[in-house]
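Keep the 3D view open as you read.

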Number of protein chains: 2
Amino acid sequence: MSRAAHQEANVVRLKRLGIDTYQEPVVFLASSSPVCRSEGWMAQARIQVTHRHKSIIATLSVTTSNLLGPDEASLSEVAWSHVDASDGDLVRLSYAPPLESLGHVRAKVYGARLDSDALNAIVRDIVAGSYSDIDLAAFVTAFAGVRPDAAETTALARAMIDTGERLYWGRSPIVDKHCVGGLPGNRTSMIVAPIVAACGLTMPKTSSRAITSPAGTADAMETVAPVDLDLARMRRVVEREGACIVWGGRVRLAPADDIIISVERPLDLDSGTQLVASVLSKNVAAGSTHIVIDMPIGPTAKVRSIASADALDALFNAVARELGAELRVIRSDGTQPVGRGIGPALEATDVLSVLRGADDAPADLRDRALLLAGHVLELGGIATVGSGCAKATDVLTSGRALAKFEKICEAQGGMRTPPRAAFTYDVRATRRGCIAGIDNRRLARIAKLAGAPRAPAAGLVLHAKIADRVERDQPLLTLHAESAGELDYARTYLAANPQVIALEDS
Amino acid sequence: MSRAAHQEANVVRLKRLGIDTYQEPVVFLASSSPVCRSEGWMAQARIQVTHRHKSIIATLSVTTSNLLGPDEASLSEVAWSHVDASDGDLVRLSYAPPLESLGHVRAKVYGARLDSDALNAIVRDIVAGSYSDIDLAAFVTAFAGVRPDAAETTALARAMIDTGERLYWGRSPIVDKHCVGGLPGNRTSMIVAPIVAACGLTMPKTSSRAITSPAGTADAMETVAPVDLDLARMRRVVEREGACIVWGGRVRLAPADDIIISVERPLDLDSGTQLVASVLSKNVAAGSTHIVIDMPIGPTAKVRSIASADALDALFNAVARELGAELRVIRSDGTQPVGRGIGPALEATDVLSVLRGADDAPADLRDRALLLAGHVLELGGIATVGSGCAKATDVLTSGRALAKFEKICEAQGGMRTPPRAAFTYDVRATRRGCIAGIDNRRLARIAKLAGAPRAPAAGLVLHAKIADRVERDQPLLTLHAESAGELDYARTYLAANPQVIALEDS
């Protein structure tokens with residue numbers, strides 16, 4: 001059999017089986033197929049799939065039934081778009097040579113510091129979809145175990161910027177504000193962006209969907225307006241209104257980040273290196289020059305101690321300096337959730353009540369947003385030091401922030417009302433007492449069990465905060481769910497973990 | 001919807017799709033299924049699948065086509081056996097609560113030493129099939145990055161022993177011999193076992209299939225006799241002949257090991273902790289009390305420096321002492337392959353020529369086997385110190401070792417002749433010179449590209465060793481493959497990596 005004929009034999013016809021494996025590309029081949037047999041491929045082998053000029057490395061699953069004929073292959077849902085193929089297209093399959101860049105990942109595992117060349121090679125392969133979930137897990141784990149290094153973090157951020165799209169605005173300052181997370185309900189971006197845009201600053205805000213939390217800013221914003229904009233539309237919104245609040249996944253700014261996060265999330269591993277590289281790569285790729293970082297600190301927040309906060313603050317500043325951005329870290333109270341709602345629609349509802357100046361608007365969300373907006377105005381050079389918060393307050397109370405928010409929503413595709421859940425359940429105090437503590441992580445888990453963020457109306461509403469006195473049978477929180485099953489999960493978990501809201505004798 | 005009715009709705013009928021995902025359990029559900037929709041499950045969710053009294057945690061893949069009806073589900077091949085189910089059986093699906101033991105893996109990533117309780121919890125979950133590939137990758141990576149600790153390694157080995165079967169022989173010594181690997185062709189166990197059994201010692205040898213190499217001892221042995229024996233049959237062989245050489249995967253001695261290795265292999269990560277725990281857990285579970293470790297040292301072997309050898313030697317001894325076993329580490333030359341053949345059948349052919357005393361039998365393989373057999377005889381107390389090798393040589397040259405090997409093969413199910421490859425290709429010296437070095441790792445890769453170990457006849461035969469002088473056009477090695485495609489892969493790689501066998505001017 002000649003080499004040409006052999007290669008010819010490696011061409012198979014794609015059949016759509018509609019199997020969704022999340023972000024990992026998988027190729028399905030019949031064990032009886034001549035390709036599988038002549039090549040000696042087994043399940044878990046790494047196979048290169050080439051369609052016209054696009055190719056991807058996929059993990060092989062072998063089918064032993066009649067799902068696929070001997071000359072057919074199928075792809076997992078994510079792989080179809082990677083190679084831009086449709087049902088019936090012909091693809092060429094070949095052995096995927098070992099990725100050179102995995103040698104750098106191994107070096108990292110064994111304690112090396114990686115340089116730009118190594119990180120560029122790794123991130124290029126990740127963006128090309130060539131890393132299996134196992135490879136990504138090793139990459140994430142290797143960084144989670146070591147003390148972050150500024151040079152290495154900068155190199156990682158640069159590699160993530162260089163492998164995606166980039167926005168240039170031809171002016172400065174371009175501001176941004178980012179929260180390092182871990183605090184449910186902290187949806188200040190949706191208030192800060194309209195305030196600073198109403199003052200004339202430019203804030204091209206891209207935000208993430210939930211990673212380990214019940215809602216990301218993109219999830220909350222999506223209950224009020226479309227967020228799934230491409231880069232050209234995002235630019236038009238910002239040019240017109242001065243700000244946007246869109247989902248970062250579509251615009252392909254630092255796209256490696258979303259792939260890395262797909263494995264970070266189930267592992268529930270954090271690393272300073274990846275956190276700082278993730279935040280700054282997205283912001284710098286969006287063209288931002290002046291960045292305010294909101295860093296909540298608390299026993300169940302992402303940053304749990306002053307020492308961790310100091311280390312992360314120093315890393316943020318060192319890396320931002322190298323990337324040519326001005327940065328200010330604002331430490332904030334991370335002991336309890338912000339606002340009342342946890343979950344996409346419930347958090348958006350809090351935001352709207354603040355923007356509208358409702359009497360019952362959550363004061364903590366309002367105060368945090370004004371503080372942060374003040375810092376952005378000062379860092380952006382349109383408020384003197386110490387006057388930013390007052391200026392922001394004026395913009396909010398005058399209604400100019402609400403008007404700007406409505407215009408941003410319209411520009412993004414039209415404003416809408418957040419949905420409400422069909423199923424609710426009140427959780428009441430079992431005795432009289434005083435709220436001594438709230439476990440953010442467990443509270444987040446309850447909201448996720450109730451269906452957030454996938455079910456946009458799901459989550460929970462807190463009726464009491466730390467130091468509040470409550471009577472027996474007074475509602476502590478209300479669960480919201482879109483299905484009875486999910487309401488049940490949340491109730492079961494809460495029953496097994498009553499310490500989520502700690503009551504002390506008052 | 002009542003809770004009872006809701007649970008009722010989570011019962012689905014299994015349909016066999018025949019999808020092999022290697023060791024990871026996967027459950028397939030239609031996106032339109034009421035379970036998927038009411039539970040809010042998405043691809044990559046972790047789902048508990050329960051069939052009668054057996055259950056497993058599987059990763060969800062969602063099908064968006066008509067592969068599965070709304071009341072159907074399917075499983076990956078490995079998951080069927082885990083829950084002991086057949087096509088058409090009913091299973092119950094439920095949300096898999098987060099595994100508590102993953103908290104210990106995260107602690108390890110962040111630098112903790114794990115105690116017995118933590119390691120027992122992790123290994124129990126691994127053996128139950130509850131770890132996803134991502135979880136396993138984090139576990140493997142976390143140990144690869146840190147200096148091994150004797151107490152932790154002992155606790156890991158004990159956890160691996162306690163979660164599997166165990167053999168008791170009611171007598172002592174029970175001997176074993178294990179090579180830490182990295183040296184192609186080093187198939188001494190197949191010679192040592194018959195020698196020491198012929199001398200009256202008991203050696204219940206379980207061996208692995210290839211991990212990162214072109215052949216494990218089990219792969220080579222399988223070309224001469226069946227190795228896929230269960231524990232009861234293995235015991236009968238040993239009781240009758242004093243020794244066996246069987247595949248360890250079937251007998252479920254320390255079964256966690258095979259699952260961990262399924263992820264270690266594609267990651268190509270080694271850790272002292274896992275290496276020592278893997279070797280000693282298997283040996284101690286097999287009832288061995290006196291163990292000889294063959295540790296080849298060389299620039300491209302698994303152990304590359306005297307410092308690494310010292311550290312690994314100390315770890316082996318410390319852990320063996322804790323587990324109550326006598327152990328002797330024998331350091332050997334790891335600069336080049338042992339024997340001539342690399343690949344299952346080619347290595348078995350070398351072994352047979354040594355046992356048969358053929359004139360052209362590879363002297364290096366013979367010498368190593370005799371040295372190790374001598375140490376086993378001495379450690380086992382039936383040869384005085386310094387006399388073991390002479391005794392072993394006598395048993396080999398007298399033909400008693402061959403006779404014992406044939407009896408072992410018969411007891412395991414019948415002796416057979418190793419297969420020969422249909423396709424071969426001679427690689428010749430491009431010039432006159434002297435062999436200055438051989439890259440074991442690249443050579444192993446070439447044998448694997450040629451199809452080893454899956455294709456038992458595939459691999460390569462070396463015609464020259466370090467310091468040999470060769471003429472231009474003299475064959476350096478012969479590639480063996482069972483398919484033209486695989487022969488091509490190996491040739492292409494070799495053409496791109498001519499330094500695999502380094503030639504110097506003589």
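How many residues of chain B are in contact with chain A? Keep in mind that this is a predicted model. In it, 49 residues of chain B are in contact with 49 residues of chain A. On the chain B side, the elements that each supply at least two residues include α1 (3-9), α2 (34-39), α4 (101-109) and α12 (256-267). The strands β2 (19-20) and β5 (54-63) of chain B also belong to this group, as do α6 (133-144) and α20 (484-496) of chain B. Which of them gives the most? That is α6(B), with seven residues. Sorted by class, the side of chain B that touches chain A holds 23 nonpolar, 16 polar and 10 charged residues.

The two chains also share strand pairing. Strands of a sheet pair through backbone hydrogen bonds, either parallel or antiparallel. Here, strand β2 of chain A (residues 19-20) is joined to β5(B) by two bridges, and the two strands run antiparallel.

Now let's turn to the sheets of chain B. One is an open sheet of three strands, in the order β8-β11-β12, with parallel pairing. Its edge strands are β8 (175-179) and β12 (326-333) of chain B, each of which pairs on one side only. From one strand to the next, the twist averages 20°. Between β8(B) and β11(B), residues 290-297, there are five bridges in the parallel sense, and B:V175 has B:H290 as its bridge partner in β11(B). Look next for helix α14 of chain B (residues 306-322): this helix lies across β11 and β12 of chain B and runs at about 160° to β12(B).

Another open sheet of chain B has four strands, ordered β13-β16-β18-β14, and its pairing is antiparallel. Because β13 (341-342) and β14 (423-428) of chain B stand at the edges with a single partner strand each, one side of each is left without a neighbour in the sheet. Two bridges pair β13(B) with β16(B), residues 459-462, in the antiparallel sense, and B:G341 stands opposite B:V461 there. Which helix packs on this sheet? It is α20(B), which touches β14 and β18 (475-481) of chain B, and its direction makes about 145° with that of β18(B).

Technical notes
Residues numbered from 1 in each chain as written. Chains lettered and ligands numbered in written order. Predicted model: local features only at pLDDT ≥ 70, side-chain atom pairs only at ≥ 80, totals over all residues. Contact = placed C-beta atoms within 7 Å. Nonpolar A, V, L, I, M, F, W, Y, C, P; charged D, E, K, R; others polar. Pairing = 2+ DSSP bridges. Axes fitted to C-alpha atoms, helices over the stretch in contact; angles between N-to-C directions.
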